[in-house]
Amino acid sequence: MASIKDRYAIVGVGESERSKNSGTTPLHMALDAARAALNDAGLEAKDIDGFMSYSENDSCTAHQVANYLGVRPKYVKDIMGGGSSTEMLIADAIGLIETGQVNTVLIYRSMNGRSGVRMGGGGWGVDLLQTAIEGGSFIIPYGAGSPSQWFGLFATRHMHETGLTKEHLGHVCVSAYEHAQRNPKAFFYGKPVSMEEYLQTAPLSYPFNKHDFCLESDEANAIIVTSAERAKDCKSKPVYIMGMAARQCVSHAHYWKNLDEVAADYVAPEVYKMAGVKPEDIQVASIYDCYSWVVLRQLEAYGLAPRGEVGDFVAAGNLRMNGKLPTNTAGGMLSEGYTHGMNNVLEIVRQVRHEYEGTERQVEDCEIGICTGWAGPDIAGAMILRK
Amino acid sequence: MGETTKVGYEKPIPLKTQDNHPYWDGADKHELVLQKCKSCNEYAQPPGPSCTKCGSTDLCWESQGSTVLGKVYSYVVSYRPFLPGFQNDCPLIIAVVELEHLPQVKIIGNVLNCSPDDIQVGLPVKMIWEDITEDRAMPQWVQA
Ligand SMILES: [Zn+2]
């Protein structure tokens, strides 16, 4: 197989307005995000011949978005999925471009994640949950209906094995909220949290308190992927894809028994190999953060801090702006917004192309960044990007 | 809630399906019945249409009896009901329990009558049978 290293690029990123109650449809927001990404790239809608999206049945179709941009594309695709879907769809887009079927692909995620279907619970009947979720009959009757509880089972076990503490989870939250204070569009802009406040916050579902949860928002994000050659004609600075990988492991998506193994453990060696870099070459990161603990587990999986030393790594302030690995620098899903990971993709693109140059938001001199997706311990995806 | 819900029990009742009903039929009789793959001997919890390890459809069901011991492999303590019917059960302990006689099998359930201060990884527990309606029961755990 031909290496795709540096041969494809993200040339446009954009988002709709972010709110708790959009008062509009996912289609309207997707169109806003798509127009913003097109404008960023300096492309016309007709330049896009592939449209893709992912959703949990809570969005609009790629066909609709293309239609209302006035385009009749060659290819549309809607997949079911959450975290890591962005990485997987970018891989699909590259495959289609590589085989000459399309030239430029727009990928979006649009959701009324706060005012519509909420991932944190609500809006579903319990019998539906038992059938909709694989193995649902074995968890829903026990009151385990929230991702916080499923992820919490992993977190408790991992904390027990590695010595991670509540305070270590807190460092992930405090640094994310700190980043959000530099981002006026973040939900928790103007609402920082100190370690003292974090530790005093009552648990919602131990080991997590409300700060360990991602927030829920109404918004759409979009990105545009094309070949390195076409990227030269775009108005934006291209961000090149050095490597990407995805992987499924563990047999069940919700009923988890082996808490020692996560899909990211398998993705990591593949993504570094394809990109030809090592963990120590990474200068900025977007680490999927549906819960604080998920960040810690991925730092370990991607070799960004050794197992058993992840707690010390975050306690030393390494996720902060002047740390070794500024992470989720727009605030992430813990404090900026939540689109199943795509807002973190937008941010890493902006960092790597130095869009914030001259402001306190720019991670100085960063050239290589990693972006990870995590649907759960069962499915992960990651990509490494460069200037 | 579905119309099958009986008066008095407000929590979700385990839904029997084509693939899992022997487990819940066994539970109704206070018996732990596990699905097992005859090709690779892997236990399937939760059960499914075929083996998630080798793909085989050559499956059987194996009774583990009514007395089952285990230890807590992991847990969470929920202080908010994330599903209807659990409003009087908080703090609710949800645990993954490793079976003593089959450590490769792990079963998710609640540890009942246990203070959040007492729950910990490694805690010995035993299975009890909770009669939730006239004809339905489900396995739960208490400290051994
Ligand atoms: Zn098998």
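Into which domains is chain B divided? In this predicted model, chain B comprises domain 1, spanning residues 16–66, and domain 2, spanning residues 67–144. The C-alpha centres of domain 1 of chain B and domain 2 of chain B are separated by 20 Å, and the two domains are in contact through 14 residues of domain 1 of chain B and 17 residues of domain 2 of chain B.

Between domain 1 of chain B and domain 2 of chain B, an area of about 1,300 Å² is buried, with carbon and sulfur atoms giving 63% of this area. On the side of domain 1 of chain B, the residues that lose the most area to domain 2 of chain B are His30(B), Leu32(B) and Ser66(B), which together account for 37% of what that side buries.

With regard to polar interactions, 5 residue pairs in polar contact are counted between domain 1 of chain B and domain 2 of chain B, where both residues of each pair are at pLDDT 80 or more. Across the interface of these two domains, 1 salt bridge is found; a salt bridge joins the side chains of Arg136(B) and Asp28(B), at a distance of 3.1 Å from N to O. Helix 1 of chain B, which covers residues 21–28, gives the most to the side of domain 1 of chain B that touches domain 2 of chain B, contributing 4 residues. By residue class, that side of domain 1 of chain B, where it touches domain 2 of chain B, is made up of 6 nonpolar, 5 polar and 3 charged residues.

Terms used
Residues are numbered from 1 along each chain as its sequence is written. Chains are lettered from A and ligands numbered from 1 in the order in which they are written. This is a predicted model: local features need pLDDT of at least 70, side-chain atom pairs count only at pLDDT 80 or more; totals for chains, interfaces and linings use all residues. Side-chain values use heavy atoms; hydrogens and water are left out. Domain bounds come from an automatic or database domain assignment. Contact means heavy atoms within 4.5 Å. Buried area is the accessible area (1.4 Å probe) that two parts lose on being put together, summed over both. A salt bridge is a side-chain nitrogen of Lys or Arg within 4 Å of a carboxyl oxygen of Asp or Glu. A polar contact is a pair of N or O atoms within 3.5 Å; within protein, one must be able to donate a hydrogen and the other to accept it, and residues adjacent in sequence count only if both atoms are side-chain atoms. Helices (H or I, at least four residues) and strands (E, at least two) are DSSP runs, numbered from the N terminus. Ala, Val, Leu, Ile, Met, Phe, Trp, Tyr, Cys and Pro count as nonpolar, Asp, Glu, Lys and Arg as charged, and the others, Gly among them, as polar.
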